[in-house]
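Here is a friendly briefing for anyone meeting this structure for the first time. Take a look at the sequence and the model, then read on topic by topic.

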Amino acid sequence: MLQALQASKDFLKLTLDNPFSLDEELAFSLKNATQVSVWDTGVIVFEPSDSQGKDIILSCAVHGNETAPIELCNELISEILAETITLNQRVMFLIGNPAAIHNGTRFIDENLNRLFSGAHSKGEGLANPERVRAKKLESYVDRFFEEGDAASQKIHYDLHTAIRGSKHEKFAIYPYRPGRAYSSEQIMFLAACGIETVLFHHEPTTTFSYYSSEKYQADAFTIELGKVMPMGQNDMTRFIALKEMLVRLVSAKPLELEPFDAAKLNLYQVCRAINKGFEDFEFTFANDVENFTAFPQGYILAKEGGNDIKIEQPVEAIVFPNANVPVGQRTVLMLKPASTENIA
């Protein structure tokens with residue numbers, strides 16, 4: 001197994017050949033003295049001999065059918081293993097749900113990105129694959145950050161693609177972080193990656209990025225990179241800027257970021273989440289309406305249980321609408337323009 005990885009430099013193949021677990025950890029060194037450790041299926045850690053003060057997690061495939069981030073991460077891993085990228089920061093790559101990749105589905109039994117911050121151990125279905133995996137992924141984040149220098153900047157970019165198209169193709173969700181300002185440097189890093197739209201969340205969640213943000217005060221984001229496509233059908237040229245900036249980041253090269261300028265960005269504040277209260281919940285708009293479509297005050301957005309759900313603000317935009325969720329779960333996030341007063 002170790003020899004196969006060293007020869008092929010294809011970590012995704014190793015992961016998909018062992019979708020649930022590995023029998024033992026693997027460890028070896030690159031010629032440039034970077035230490036490589038495979039902690040489990042889909043979990044690989046790179047530790048250069050002279051890290052420059054950042055501990056970086058890049059995760060993908062928390063939803064198994066979101067393939068562009070998987071291909072991007074596997075490219076980066078292969079190039080690090082081939083030593084065409086020389087690391088100067090500690091980096092961990094996580095392939096979140098290998099079993100769902102095999103299936104070509106978003107998940108096996110349950111949405112993995114609703115099971116962090118301990119949600120994996122609450123309620124029903126405690127032994128399903130996603131709950132088992134969520135608990136393990138938390139432990140790998142814990143181990144990675146806690147084995148690093150306590151003074152290092154902690155970063156976690158959780159890479160996704162969206163179910164439907166978007167008026168802003170690439171966007172990031174900034175987890176709720178009360179008492180902490182939003183980082184203008186991080187926002188401009190995202191902009192340099194081609195991600196010029198940021199949503200500021202309004203409450204705690206059970207997403208993977210929120211786990212790292214809340215527990216470790218990491219600069220963490222859920223990052224959406226376009227629309228879901230089958231494996232091998234992604235136009236990887238759409239991610240050239242993102243890949244270039246990630247390479248600069250992990251190599252500790254100058255980032256050369258522009259000064260923060262809200263006029264060059266699309267900044268949204270989540271103003272509310274609408275949860276499903278009845279099985280008959282339905283939106284009034286078509287299934288192909290894009291993320292960030294805006295509706296005026298008073299517009300009937302959805303119906304359920306004989307009631308209308310209306311737009312409350314002068315204008316609200318939608319993101320992640322999905323009526324096909326269990327009762328009690330979120331059907332859509334509603335957005336309004338964001339203030340910049342808490343960006344430093």
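## Charges over rings

Arg90 sits over the face of Phe144, 4.2 Å from the centre of the ring. Such a placement means that CZ of Arg, or NZ of Lys, is within 6 Å of the ring centre and within 35 degrees of the ring normal. Arg143 is placed over the face of Trp39, at 3.8 Å from the ring centre.

A word on the background: this is a predicted model, in which local features need pLDDT of at least 70 and side-chain atom pairs count only at pLDDT 80 or more, while totals for chains, interfaces and linings use all residues. Residues are numbered from 1 along each chain as its sequence is written, and side-chain values use heavy atoms, with hydrogens and water left out.

## Aromatic pairs

- The whole structure holds 18 aromatic pairs, where rings of Phe, Tyr and Trp (its six-membered ring) pair if their centres lie within 6.5 Å; planes under 30 degrees apart are called stacked, over 60 edge-to-face and the rest tilted.
- Phe116 and Phe208 make a stacked pair, with 4.3 Å from centre to centre and 10° between the planes.
- Phe116 belongs to the loop between helix H4 (98-103) and helix H5 (129-147), and Phe208 to helix H7 (residues 208-216), so their pair ties together parts that are 92 residues apart in sequence. Helices (H or I, at least four residues) and strands (E, at least two) are DSSP runs, numbered from the N terminus.
- Both Phe116 and Phe208 are buried; that word means under 20% relative accessible area, with exposed meaning over 50% and partly exposed in between (1.4 Å probe, protein chains only).
- Another stacked pair joins Phe295 and Tyr299, at 4.7 Å centre to centre and 25° between the planes.
- Phe295 counts as buried, at 9% relative accessibility, whereas Tyr299 is partly exposed at 29%.
- A cluster linked by ring pairs takes in Tyr157, Tyr174, Tyr182, Phe189, Phe200 and Phe221.

## Cysteines

- There are 0 disulfides in the structure, a disulfide being a pair of cysteine sulfur atoms within 2.5 Å.
- Cys60 is in no disulfide, and the nearest cysteine sulfur to it, that of Cys73, lies 4.0 Å away.
- Seen from Cys73, the closest cysteine sulfur is the one in Cys60, and 4.0 Å is too far for a bond.
- Cys60 is buried, with a relative accessible area of 1%, and Cys73 is buried too, with 3%.

## Pockets

- Rolling a probe the size of a water molecule over the atoms shows where empty space is left.
- The search uses a 1 Å grid over the protein atoms alone: a cavity is a set of points where a 1.4 Å probe fits but cannot get out, a pocket is an open set with protein on both sides within 12 Å along at least five of seven lines, and lining residues have an atom within 4 Å of a point.
- Grid points are joined across faces, edges and corners, and a volume is the space filled by probe spheres set on the points.
- The largest pocket has a volume of about 790 Å³.
- Its lining counts 38 residues, and Arg106, Asn111, Asn113, Arg114 and Arg330 are the ones nearest the centre of this pocket.
- Strand E6 (153-162), strand E9 (219-227), strand E10 (266-275) and strand E16 (330-337) are the elements that give two or more residues to the lining of the largest pocket, and E6 gives the most, with 3 residues.
- This lining divides into 12 nonpolar, 17 polar and 9 charged residues. Here Ala, Val, Leu, Ile, Met, Phe, Trp, Tyr, Cys and Pro count as nonpolar, Asp, Glu, Lys and Arg as charged, and the others, Gly among them, as polar.
- The second largest pocket has a volume of about 190 Å³, and the residues lining it include Arg164, Phe283, Phe285 and Pro321.

- The whole structure has 1 cavity of 30 Å³ or more.
- Leu58, Leu76, Ile80, Val91, Phe93, Leu246, Val247 and Val250 line the largest cavity, and by class they are 8 nonpolar, no polar and no charged residues.
- H8 supplies the largest share of this lining, 3 residues.
- Met245 also has its place in helix H8 and is buried, with a relative accessible area of 5%.
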